[in-house]
Protein chains: 2
Amino acid sequence: MQKSIEHTALYHIMNPEHIAMFGASNRFAAMGTNLLSSIKALGFKGDIYPVHPKEVQVMGLKTYASVMDLPVVPDLAFIVLPTNLVPEILEACGKKGIKHAIIVSGGFKEVGGDGIALEKKICDIADKYSMRFVGPNCIGVVNPHHRFNATYFPYQQASGFIGMASQSGSFVTQMFDYLSNFGLGYSAGISVGNEANIDLVDCLEYLGACPNTKVISLYIETIRRGREFIDMARSIVPHKPIVAYYVGGSEAGKKATFSHTGALSGPDKLYDGIFRQSGVIRAQSIEEMFDFCLCLGMCPKPEGNRVIIQTHSGGPGAVAADVCCREGLKLNPISQNTRKKLAPYVPHTGSTNNPIDITYSKNPMDYYVSIPKVLMEDEDSDAVLIYFLMPDHSVQRAMEGFGITGEKAVEQTGVFIDDQSKTVADLLKGFSKPFIGFSFYTRENRFIKNLQDKGVAILPSPVRAAKAMSAMVQYVNLREKITRGGKKAA
Amino acid sequence: MQKSIEHTALYHIMNPEHIAMFGASNRFAAMGTNLLSSIKALGFKGDIYPVHPKEVQVMGLKTYASVMDLPVVPDLAFIVLPTNLVPEILEACGKKGIKHAIIVSGGFKEVGGDGIALEKKICDIADKYSMRFVGPNCIGVVNPHHRFNATYFPYQQASGFIGMASQSGSFVTQMFDYLSNFGLGYSAGISVGNEANIDLVDCLEYLGACPNTKVISLYIETIRRGREFIDMARSIVPHKPIVAYYVGGSEAGKKATFSHTGALSGPDKLYDGIFRQSGVIRAQSIEEMFDFCLCLGMCPKPEGNRVIIQTHSGGPGAVAADVCCREGLKLNPISQNTRKKLAPYVPHTGSTNNPIDITYSKNPMDYYVSIPKVLMEDEDSDAVLIYFLMPDHSVQRAMEGFGITGEKAVEQTGVFIDDQSKTVADLLKGFSKPFIGFSFYTRENRFIKNLQDKGVAILPSPVRAAKAMSAMVQYVNLREKITRGGKKAA
């Protein structure tokens with residue numbers, strides 16, 4: 001049922017080889033110039049043909065007075081021009097035979113008045129030439145795997161596995177740095193703008209087929225084609241999770257989103273229903289959406305909702321337990337068999353209830369390797385949540401205990417943490433059970449950074465980790481329901 | 001009604017001059033040694049007297065074989081000894097005339113069995129000698145203003161204004177680094193442990209009287225003296241906000257907290273009632289608790305719930321609006337008068353609805369100074385929420401637009417951001433209205449760091465900022481209710 005990616009409307013937009021660029025000049029401050037800078041900065045490998053009525057060269061690139069003069073038919077037109085110029089340029093692109101465009105320019109439907117007619121006009125032109133376009137009033141797209149960043153923000157981290165389509169450009173580009181704080185990156189990012197031609201449903205189609213995208217995230221203020229959205233999502237969810245953050249369910253949210261994109265949003269319950277039917281997981285914030293993406297992209301999926309929590313700090317363990325319970329996850333007692341296996345590692349002050357609270361561990365390898373191994377092997381649980389805390393200073397103090405001091409201690413601390421990270425990551429590779437770490441430390445902590453870079457899911461608090469675990473269970477249930485529903489219908 | 005701080009049970013524990021230290025040795029790995037390291041590392045100015053049966057010197061300090069040999073009567077005994085030694089040492093301290101102790105040692109009530117009797121024993125000894133102590137089974141206290149850090153973790157940031165009492169030691173010490181990521185620090189941090197003698201109510205009394213504490217935070221798994229808690233809180237709330245994170249309301253939370261501290265927690269509704277009656281704001285996570293503290297400590301209090309949102313990005317503005325509305329805050333239309341004043345700064349693509357969406361601003365001083373000034377002066381609103389985004393690269397690109405490139409651009413970017421931060425912070429000082437910024441950038445961004453250091457409240461997402469604004473309105477309402485109630489009773 002699904003199209004191959006090459007046949008989706010977005011393929012050439014996300015993976016262009018030859019770009020006709022409108023609006024870049026040698027003026028630094030111009031938006032088009034900035035966007036061309038971004039494209040060049042990420043090392044785009046294809047050809048860029050700036051079109052400009054006066055310039056001979058733009059940022060070192062040979063420039064053409066008209067799209068008609070180009071030596072090839074580009075597969076993408078990138079248009080960053082004053083509103084009133086857009087229709088004629090789009091028409092010229094159509095005549096040249098260009099089939100895809102990104103229109104960054106604003107001043108269309110979102111401003112009302114004449115803008116509405118202008119938007120209708122560009123839609124008609126596109127139809128006439130069988131063109132597909134993203135925008136207008138968007139801030140572009142990014143495909144780091146193709147070294148293609150057609151947005152205002154520099155993309156500086158590695159390519160990732162999150163495919164994002166967003167009705168707010170800010171939530172694509174302004175999240176680059178946010179995501180890099182988790183070691184994450186995009187597989188694809190699409191600012192859909194006014195969705196005059198390509199909309200969220202088309203994005204789903206592309207992201208569903210995109211081999212680099214492990215999980216799809218959506219920022220939604222309105223769904224314009226409800227039935228198609230549901231059908232498309234249901235065709236994707238069996239093999240790829242979709243997470244959405246919807247804003248507009250409250251009165252002020254509704255007004256704000258209307259003012260933002262002219263979107264008519266609906267009440268929360270309506271959208272809850274659409275998401276449930278679509279198999280889409282609803283997040284309650286942008287941060288939560290990306291938390292869910294991180295875990296869904298990094299972890300094996302759970303087979304059920306039975307969670308074991310491991311901690312050496314009572315408070316964070318209690319918080320994780322409390323939130324798991326509120327989220328409908330089960331914290332069953334630990335089996336006799338597993339308790340027996342844990343016994344050598346748990347001091348008398350500790351507890352092998354669930355949460356398992358080690359309180360104190362002489363050997364960090366017990367806490368991060370031996371105990372997790374036992375828990376991952378436990379047959380009466382489906383997932384493990386574990387508190388991560390390894391501040392450099394505590395490792396250094398332990399080194400000092402062994403007589404290693406000063407610079408040597410700093411160096412040895414690094415070596416120890418690197419070794420340990422590798423051991424933990426290698427251990428987890430052997431299991432098909434989700435394992436989520438939680439910590440109040442971030443990537444500035446070497447242990448956390450190493451582990452995240454090796455594919456271990458770690459979130460910055462017990463609440464966030466427990467909610468992400470719940471989202472994973474929710475995904476498995478939604479998928480099951482859709483797959484079963486599909487079979488029944490067949 | 002309130003005691004002066006010198007007469008509270010915790011005064012000498014938080015502000016000792018002479019400490020008898022039990023359990024420190026020259027073994028690096030010993031917990032007592034680590035704690036002594038922490039005390040020394042923060043530059044404690046008082047005298048420390050290690051007591052050790054065998055050592056002559058401990059970490060360079062003259063050591064005494066018995067507490068009886070000390071040349072003075074210390075005002076604090078700091079006990080980090082094996083469980084079974086604690087009663088006799090406490091007895092000796094009592095005989096010596098020491099009136100205050102911190103007992104870090106575990107193995108008491110929290111382990112059940114003999115531990116229960118042992119805890120009773122130390123309570124009896126304390127009563128006999130009129131001693132007050134924190135613990136047992138705690139991880140100490142920190143008072144950065146007194147350069148006193150008696151916990152396992154190094155305290156490396158500046159002194160702050162948050163007074164924390166916690167039934168989890170982790171949530172005192174393991175948050176040092178977390179708080180420093182917001183430029184925050186503690187005015188006082190108390191890990192209450194088993195609360196055998198000093199409990200949360202005593203902590204409230206101290207923190208309420210503490211001049212360095214602008215806002216009180218509590219991590220709670222149980223409240224042991226309900227009536228006293230309510231009375232004490234009600235006496236504090238009129239002049240100082242209290243925020244609590246309570247865990248134990250769910251079934252798993254209840255079991256986990258029982259296992260952690262032997263606390264019998266109660267259902268959410270019971271605790272909601274206690275908090276409402278006490279005037280305490282309830283947070284839903286540790287992060288949220290500190291978000292609330294940040295804003296309550298930094299901002300003037302709002303006179304009502306009418307909020308104006310300013311943004312240049314539609315998505316983040318819509319999110320803030322949606323959450324404000326869900327939280328019961330009001331987003332009224334902007335008055336004609338204010339619209340008129342805003343007109344020069346808002347381009348035709350922008351909107352002066354609420355959220356005010358500038359979309360694009362040629363001059364960042366408009367966005368961060370001129371517009372906020374108009375909004376802070378607006379008489380029909382009580383608070384301003386504003387989206388902060390000033391990535392270095394965009395300022396640098398703007399510099400390039402003025403012909404400033406290379407290293408010069410980097411340098412000028414820094415100067416520009418520093419100047420601008422100062423201007424924004426100075427502007428806000430002139431108003432008694434709360435102003436909260438939200439951004440997905442953190443202190444790694446120079447603008448954010450500068451502003452936070454100058455006392456401007458900035459939180460890392462629109463959801464978190466809107467919820468914190470709501471907490472501030474909630475505080476004002478709770479305070480009003482208590483003050484009115486008090487007057488009625490009088």
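Helix α7 (residues 200-209) of chain B packs against helix α8 (residues 226-236) of chain B with axes 9 Å apart and at an angle of about 10°. The axes are lines fitted to C-alpha atoms, for helices over the stretch in contact, and angles run from 0 to 180 degrees between N-to-C directions. α7(B) is therefore roughly parallel to α8(B), a description that applies to angles under 35 degrees. This is a predicted model, in which local features need pLDDT of at least 70 and side-chain atom pairs count only at pLDDT 80 or more, while totals for chains, interfaces and linings use all residues. Residues are numbered from 1 along each chain as its sequence is written, chains are lettered from A and ligands numbered from 1 in the order in which they are written, and side-chain values use heavy atoms, with hydrogens and water left out.

**Helix packing in chain B**

- Helices (H or I, at least four residues) and strands (E, at least two) are DSSP runs, numbered from the N terminus.
- On the α7(B) side, the contact with α8(B) is made by B:Val201, B:Leu204, B:Glu205 and B:Gly208; α8(B) contributes B:Glu228, B:Phe229, B:Met232, B:Ala233 and B:Ile236. Contact means heavy atoms within 4.5 Å.
- The residues of this contact comprise six nonpolar, one polar and two charged. Ala, Val, Leu, Ile, Met, Phe, Trp, Tyr, Cys and Pro count as nonpolar, Asp, Glu, Lys and Arg as charged, and the others, Gly among them, as polar.
- α8(B) also meets helix α10 (residues 268-278) of chain B, where the axes come within 8 Å and cross at roughly 35°.
- In that contact, B:Arg227, B:Phe229, B:Ile230, B:Ala233 and B:Arg234 of α8(B) face B:Ile274, B:Phe275, B:Gln277 and B:Ser278 of α10(B). The division here is five nonpolar, two polar and two charged.

**The sheet in chain B**

- An open sheet of seven strands has the order β9-β8-β11-β10-β12-β13-β14 (chain B), with mixed pairing. Two strands pair if DSSP finds at least two bridges between them.
- β9 (148-149) and β14 (281-283) of chain B are the edge strands, each pairing on one side only.
- Strand β8 (residues 141-143) of chain B runs antiparallel to strand β11 (residues 186-191) of chain B, and two bridges join them. B:Val141 has B:Ile190 as its bridge partner in β11(B).
- α7(B) packs on the sheet, touching β8, β10 (162-166), β11, β12 (215-220) and β13 (242-246) of chain B, and its direction makes about 165° with that of β12(B).
- Helix α11 (residues 286-298) of chain B likewise packs on the sheet, touching β10, β11, β12, β13 and β14 of chain B; its direction makes about 170° with that of β12(B).

**Chain A**

- Two bridges connect strand β8 (residues 141-143) of chain A to β9(A) in an antiparallel arrangement, and A:Asn143 stands opposite A:Phe148 in β9(A).
- A:Gly169 lies in the loop between β10 (162-166) and α5 (170-173) of chain A. A:Gly169 counts as buried because its relative accessibility is 15%, buried being under 20% relative accessible area (1.4 Å probe, protein chains only).
- Apart from its neighbours within four places in sequence, A:Gly169 is in contact with A:Ile139 and A:Ser191.

**Relation of the two chains**

Methods: Parallel < 35°, antiparallel > 145°, perpendicular 65-115°, else oblique. Buried < 20%, exposed > 50% of the residue type's maximum accessible area, 1.4 Å probe, protein only.
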